Structure formats: structure tokens, C-alpha cells
Amino acid sequence: MLDLELAGGRQGADALGALVPVVLDALRSRARGGPAPAGGPAAVAASMAQLGDLLPPRGSGSAALGELAEAFVVGSVDPAHPWCAAHLHCPPLAVTAAADLLISALNPSMDSWDQAPIASEVERAVTGEFARLCFPSAAAPDALITSGGTESNLLGLLLARERLGPAVRPVCGANAHHSVRRAAWQLGLPEPEPVAFPGELGQALRRGPSVVVATAGSTDTGEIDPLPEIAEIARRHGAWLHIDAAYGGAALYSQRLRPLLAGLEAADSVALDLHKLGWQPIASGALAVAAEESLRPLAFSADYLNADDDTAAGMPDLLGRSLHTSRRADAFRIAVGLRALGRDGMAEWVERCCATAAEVAQHVGAHPALRLWRRPTLSTVLVRPVLADRVAAEHGTFAGNDLVARVRRHLLADGLAVVGRARVDGSLWLKLTLLHPQAKPADYLPLLDLIAARAPLRAAVAP
């Protein structure tokens with residue numbers, strides 16, 4: 001008989017207690033100095049192949065955890081390393097990772113109260129915090145837990161369609177997240193029309209019922225659209241205003257940074273995401289709405305989950321709180337993180353990341369071999385080797401961009417740095433998304449020198 005126990009029940013704690021050290025030992029075994037596995041995709045695939053058949057005729061019991069855990073750790077990127085800075089991929093708090101274990105062990109499912117009694121109350125409290133954060137003056141705001149910005153944007157467009165009708169047209173800025181296009185496709189809406197905010201917006205809205213998608217913290221640059229002007233034009237034309245604040249929404253916790261999001265309170269719906277600037281494990285998203293009645297289209301009935309007589313007897317109806325049926329109690333982990341940091345702690349860490357980015361940007365601007373795109377709005381810094389501009393001038397834009405791409409790929413292949421890429425006005429830039437609240441500007445200066453040093457090497461091998 002295999003030595004396998006269930007995570008819950010009387011023996012669950014003892015079973016988990018014996019296994020947690022296996023995970024911790026694997027984490028401690030991380031020997032490499034950089035934030036990523038060296039060797040690129042081929043090396044990682046080879047390490048996976050060495051593990052052999054994942055479904056052998058006879059299982060290995062709890063030993064399977066140790067057999068796979070070390071390879072998983074060694075083959076992963078480490079978002080807690082300052083040089084893991086490509087994406088909106090934050091290092092999570094240890095306390096929230098521990099909370100994740102408890103969620104997995106108890107395994108509540110958030111589609112009916114009898115599967116998640118206390119979890120449903122925790123979620124009610126967490127969504128209430130998000131609703132008040134975005135709409136402090138609204139009479140009856142509400143919020144839902146989502147898997148992240150993509151789902152929140154889908155929900156925002158869905159609610160707009162249900163309010164304004166199936167002919168509603170999405171209108172967005174050129175920097176809108178790709179999930180806006182995907183959501184329009186999923187919902188059978190027209191391709192989103194990109195416009196220059198705010199100047200072209202009024203003309204676009206005169207063409208029929210519309211949902212305006214503004215961005216508060218773009219993925220590529222961290223820029224924030226002119227929200228007050230957009231909100232006024234949207235209100236004047238009766239459009240639904242959805243603000244994608246999956247990145248920048250964390251600025252709401254800071255009295256100093258909150259003015260960046262002036263106008264957000266005029267939205268109909270807002271996307272938030274605490275697995276970006278929030279130090280939560282994935283997934284930790286939310287959709288906030290100014291009026292709870294906006295969520296009524298999501299109501300759905302399934303007798304085994306939310307029978308009318310159960311609801312009349314006082315059992316909360318969870319089925320209309322998501323597009324999903326079975327879903328994790330992620331709100332518990334979010335609650336632990338919010339309680340651990342508090343509003344002041346959230347504000348301090350968000351401000352610290354933005355201040356670090358501002359100082360790193362100053363160093364980029366002063367570096368003789370690097371060029372800064374623009375002073376960061378939030379915590380994203382765009383960097384381009386000066387040599388790439390020279391190559392572009394002599395051999396064309398493609399050659400200059402190819403040099404930038406090569407620098408990024410070789411840093412990643414060597415396991416030295418995970419740096420992002422952003423295309424702005426046809427030019428390719430290296431992107432540093434600084435989400436590590438304990439990293440200091442000095443931690444990034446050697447990375448800037450490394451980028452500058454690698455550029456001539458990549459130019460030397462360019463075709």
C-alpha cells in the first residue's frame with residue numbers, strides 16, 4: 001500500500017508536516033546565483049526528460065514530491081531575485097504562500113456555501129475592501145474575486161454588453177492590454193477601436209453605444225491614461241467606462257500616489273490585480289463595480305448549489321459571484337496578505353517600488369552606453385543600448401531591434417537576468433519591471449552595466 005494520506009481529516013496535519021520539509025529542502029537546494037535556469041528551453045526540457053515517466057505502472061508514493069520538487073525549483077525563475085524583472089510577476093510574501101497551503105489542504109470550493117462557509121465570509125470582507133478602495137463615495141459598490149486582469153477585463157466588457165446591449169462597441173487606447181481584444185472576441189463584440197485619448201474619444205463615441213476601456217498602468221510602460229478627461233467624455237455620451245488598473249490600482253493604497261488615479265472613481269468597473277503590485281501568489285485578481293446592481297446579469301440558478309429555498313433560508317448565493325463554478329478560496333490568501341501589511345504597509349511598499357524605479361531611471365539616463373525611454377510613471381523602466389540606435393541608423397530599424405532582442409535572450413539563456421521587452425513607436429526596448437519591495441537601486445546598477453557590456457557582443461554576432 002502506498003504511503004499516501006489525505007491532506008485533511010485527523011491525519012492531514014501530520015501528513016503535511018512530514019512533507020513540508022521536502023518542499024523547504026528543495027527551495028534551499030537552489031544553488032545557482034542568477035534568477036533563471038541557464039541553458040534556455042533545451043536545457044530545461046532535458047532536465048524534465050531525465051525524470052522519466054510521470055505515470056509509471058506503480059506509483060512512488062509521497063517520494064514523488066521529492067523526486068519532482070528539486071527539478072521544479074532549479075528549473076523555475078525566482079521572482080524574489082531583483083534581476084527577475086521582465087514581467088508583472090511579483091515575489092509573493094511568505095505568509096501568503098503559507099496561506100495557500102491551508103487553502104489547498106481544506107480545499108473549499110467557492111460555488112456554494114456548504115462547501116465554503118467561512119471562506120464565503122472572508123471573500124465578502126475582501127471584496128468589500130476592494131469595492132471601497134475604488135469607490136469610496138459610492139452608495140453600494142461591490143467587487144468580485146477573479147483570476148487576474150484578463151478575467152476582470154472580460155467581466156467589465158460583459159457587464160457593459162448586458163447594460164448597453166449586444167451592439168455595444170469597445171473603444172480603447174493604443175496601450176490597452178491584449179486581453180481587451182480577446183474579451184471582445186469571446187463576447188462576440190466588434191474588434192476594439194483604438195483611439196488617441198482624450199482627443200479622438202468623443203468622435204468615436206458618437207457612432208453608437210460603447211464601452212470605453214482606459215488603462216491605469218500599461219503593461220509595456222506603466223503609463224496611465226488621462227482618466228478625468230476620459231471619464232467626463234464617457235459620461236457625456238452614456239458610455240460604460242471600464243478602467244484596467246490591474247497594474248496601477250495598487251497606487252490607491254498610497255496617499256502620495258493616489259492622485260495618479262484621479263478619475264478612477266468615475267468608472268463603472270475597475271480591474272485590480274494583487275499578484276502584480278501586491279505581493280500575492282497567482283491568482284489574486286478582482287473586479288470592482290460602482291453599483292452592486294451591475295452584477296445582476298451574473299446571477300444563475302442551479303438547484304444543487306443555490307436552491308431558492310436555501311437562499312430564502314439565509315444561505316449565501318455564491319454562484320453569481322464568478323464566471324467559474326468550482327474555484328479556489330483565493331480570497332483567504334488575499335485577506336492574510338492585506339492584514340499582514342495593512343494599508344500603511346501596502347502604501348510603503350508600492351511607494352518604495354516606484355521610488356526605486358525612478359532612481360534606477362536616473363542611472364540609466366546618466367549611463368553613457370544606455371538610453372532611457374522616459375521617467376517612469378509607476379515602477380517600469382525602459383532601457384535601450386545606445387549601440388542599438390547606432391546600428392539602426394546604419395543598417396535599419398530591424399537591425400537595431402534585433403540587437404536589443406539578442407541581448408535579452410542571451411541574458412536569459414545564461415541564467416543571469418530575466419529582462420522584458422517592449423515595442424514603443426517601432427523601437428524595441430528592454431523592460432525592467434521593478435516589483436521587489438526590498439530591493440534597492442544599487443541592486444540594479446550591475447545589471448545596467450551588464451546590459452551595456454552585452455550589447456557590443458551581440459552586435460559582433462549580428463548578421
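Predicted model: local features only at pLDDT ≥ 70, side-chain atom pairs only at ≥ 80, totals over all residues.

Reader: At what angle do helix 6 and helix 7 pack?

Author: Helices (H or I, at least four residues) and strands (E, at least two) are DSSP runs, numbered from the N terminus. Axes are lines fitted to C-alpha atoms, for helices over the stretch in contact, and angles run from 0 to 180 degrees between N-to-C directions. Here helix 6 (residues 149–164) and helix 7 (residues 178–187) pack at about 50°, with axes 9 Å apart. That makes helix 6 oblique to helix 7; angles under 35 degrees count as roughly parallel, over 145 as roughly antiparallel, 65 to 115 as roughly perpendicular, and the rest as oblique.

Reader: Which residues of helix 6 and helix 7 meet?

Author: Contact means heavy atoms within 4.5 Å. In helix 6, Gly149, Thr150, Asn153, Leu154, Leu157, Leu158 and Arg161 meet Ser179, Val180, Ala183, Ala184, Gln186 and Leu187 of helix 7. By class, this contact has seven nonpolar, five polar and one charged residues; Ala, Val, Leu, Ile, Met, Phe, Trp, Tyr, Cys and Pro count as nonpolar, Asp, Glu, Lys and Arg as charged, and the others, Gly among them, as polar.

Reader: How do the axes of helix 13 and helix 14 cross?

Author: The axes of helix 13 (residues 386–395) and helix 14 (residues 397–413) cross at roughly 155° and come within 6 Å. Leu387, Ala388, Val391, Ala392 and His395 in helix 13 meet Thr397, Ala399, Gly400, Leu403 and Val404 in helix 14. This contact has seven nonpolar, three polar and no charged residues.

Reader: What is the volume of the largest pocket, and which residues lie closest to its centre?

Author: Rolling a probe the size of a water molecule over the atoms shows where empty space is left. On a 1 Å grid over the protein atoms alone, a cavity is a set of points where a 1.4 Å probe fits but cannot get out, and a pocket is an open set with protein on both sides within 12 Å along at least five of seven lines; lining residues have an atom within 4 Å of a point. Grid points are joined across faces, edges and corners, and a volume is the space filled by probe spheres set on the points. The largest pocket has a volume of about 1,200 Å³. Of its 31 lining residues, Val23, Leu27, Phe72, Pro92 and Ala97 are the closest to its centre. Helix 1 gives the largest share of the lining, seven residues. By class, the lining has 24 nonpolar, four polar and three charged residues.

Reader: How many residues line the second largest pocket?

Author: The second largest pocket holds about 810 Å³ of space and is lined by 38 residues, with Asn175, His177, Ser218, Thr219 and Asp220 nearest its centre. Helix 6, helix 7 and strand 11 (418–424) each give two or more residues to this lining. Its classes are 11 nonpolar, 16 polar and 11 charged.

Reader: Where are the cis peptide bonds?

Author: One joins Phe197 and Pro198, with omega about -10°. Another runs from Ile282 to Ala283, with omega near 10°.

Conventions
Residues numbered from 1 in each chain as written. Heavy atoms only, no water.
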